Amino acid sequence: MKSEIENLPAGRQGLKSKIALPVMEHFYTLQGEGYHQGKAAYFIRLGGCDVGCVWCDVKDSWDAERHPLLKIEDLILNISKTPSQIVVVTGGEPLMHDLDELTSVLQSAGLKTNIETSGAHPLSGKWNWICLSPKKFKAPLPEILPLANELKIVVFNKSDFDWAEKYAALVSPQCKLYLQPEWDNAAQMTPLIIDYIKANPKWELSLQIHKYIHVP
Ligand code: SF4
């Protein structure tokens, strides 16, 4: 009898890996934020984060040891049960882990690799898209700034506009710029963000549409 790996479509075979990562959850959904908003994507949420955002909506992710170690091989098997073309690696702070093996296997399987990171840890892995979302609580490492395809600033209060401009000046000219209201403050901050974008049209609005349409 063929193994599950052997039953995979051509191009997704031979992808066995012994490497395992702490996975809080993994699921197929729509990307709710930023440049790829609205696209189908398979999410891998890794455990572990030492950034400490006070408004973090995934605090359960912080302690990596609370989450089971999953083999990359098993993640690929699950992804292959969907027609997803994009895998978003998020957290927690995914760059607390060495992601070279994960992204190598995903790209070998013909999947696009996207990451959402605060940039506070050294970059590992090969990425088709880097969404950098720097946080005030632990600054991003300077070397990731020119590599970001997308800068996503979570706006919690008015002072965050000046802070956003500081990072906009440090990313590449091609980097897409997004302002996203912090979810619990969205009613107060969204009107201010709209006014700010109208005055500074290099920025675009990112909404967490997955929370409006009630998907994970
Ligand atoms: S970087 Fe992300 S996961 Fe970590 S504390 Fe901040 S919002 Fe939460």
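1. The ligand sits in the largest pocket of this predicted model. Around the ligand are Cys-49, Val-51, Gly-52, Cys-53, Trp-55, Cys-56, Val-58, Trp-62 and Gly-92. This shell has seven nonpolar residues, two polar and no charged.

2. How many salt bridges does the structure hold? There are eight. Three of them are taken up below, among them the pair Glu-33 and Lys-152.

3. The side chains of Glu-33 and Lys-152 meet at 2.5 Å, N to O.

4. Lys-211 and Asp-57 form a salt bridge through their side chains, at 2.6 Å, N to O. Lys-211 belongs to helix H5 (residues 209-212), while Asp-57 is in the loop between E2 and strand E3 (69-71). The two are 154 residues apart, and the pair links distant parts of the chain. Lys-211 is partly exposed, with 22% relative accessible area. Asp-57 is exposed, with 52%.

5. Arg-66 and Asp-60 also meet in a salt bridge, at 3.9 Å, N to O. Arg-66 counts as exposed at 53% relative accessibility. Asp-60 counts as partly exposed at 45%.

6. Asn-114 is in strand E5 (residues 112-117). Its relative accessible area is 6%, so Asn-114 is buried. Leaving aside neighbours within four places in sequence, Asn-114 is in contact with His-36, Ile-86, Val-87, Val-88, Val-89, Trp-127, Asn-128 and Trp-129.

Note on methods: Residues numbered from 1 in each chain as written. Predicted model: local features only at pLDDT ≥ 70, side-chain atom pairs only at ≥ 80, totals over all residues. Heavy atoms only, no water. Helix = DSSP H or I, 4+ residues; strand = E, 2+ residues; numbered from the N terminus. Buried < 20%, exposed > 50% of the residue type's maximum accessible area, 1.4 Å probe, protein only. Contact = heavy atoms within 4.5 Å. Near = heavy atom within 4 Å. 1 Å grid on protein atoms, 1.4 Å probe; cavity = no way out; pocket = protein on both sides within 12 Å on 5 of 7 lines; lining within 4 Å. Sits in = over half its atoms within 2 Å of the grid points. Nonpolar A, V, L, I, M, F, W, Y, C, P; charged D, E, K, R; others polar. Salt bridge = Lys/Arg side-chain N within 4 Å of Asp/Glu carboxyl O.
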